[in-house]
Amino acid sequence: MDNPQYKRTVIIIASGFDLILSAIVLLIYFGLFPVDISGWGIPRWVIGLVGGVWFAGSLAVLVYQLTKTTE
């Protein structure tokens, strides 16, 4: 369980899953999925901001883990 390669694999899988979820949120925000977000009681710009920050953070973690060299 203390294997660094195992931890790296788990982080890659988790950040990939986060990337997919945040992309879905952004697609909902841009209106490409038929989900009505006006009834949620949250301003539309907040959903776009959260989705964008979440997407950028997930992408940064995934790219870092995929390009990190192993020692």
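**Figure 1. Contacts across the whole chain.** Among contacts (heavy atoms within 4.5 Å) in the protein between residues at least 6 apart in sequence, 64% join residues at least 24 apart. This is a predicted model, in which local features need pLDDT of at least 70, side-chain atom pairs count only at pLDDT 80 or more, and totals for chains, interfaces and linings use all residues. Residues are numbered from 1 along each chain as its sequence is written, and side-chain values use heavy atoms, with hydrogens and water left out. You will find 2 helices and 0 strands here; both kinds of element are DSSP runs numbered from the N terminus (helices: H or I, at least four residues; strands: E, at least two). The C-alpha atoms fill a box of roughly 50 × 20 × 20 Å along the principal axes.

**Figure 2. A look along helix α2, residues 44-67.** Its 24 residues should span 34 Å at 1.5 Å a residue, and the end C-alpha atoms, 35 Å apart, agree with that; the expected span is 1.5 Å times one less than the number of residues. Ile47, Gly48, Gly51, Ser58, Leu62 and Gln65 are buried in α2, where buried means under 20% relative accessible area, exposed over 50% and partly exposed in between (1.4 Å probe, protein chains only). The buried residues of α2 pack against α1 (4-29).

**Figure 3. Ala14 in helix α1.** Ala14 is partly exposed, with a relative accessible area of 40%. Its C-alpha atom and that of Leu27, 13 residues apart along the chain, are separated by 20 Å.

**Figure 4. Phe33 in the loop between α1 and α2.** With a relative accessible area of 33%, Phe33 is partly exposed.
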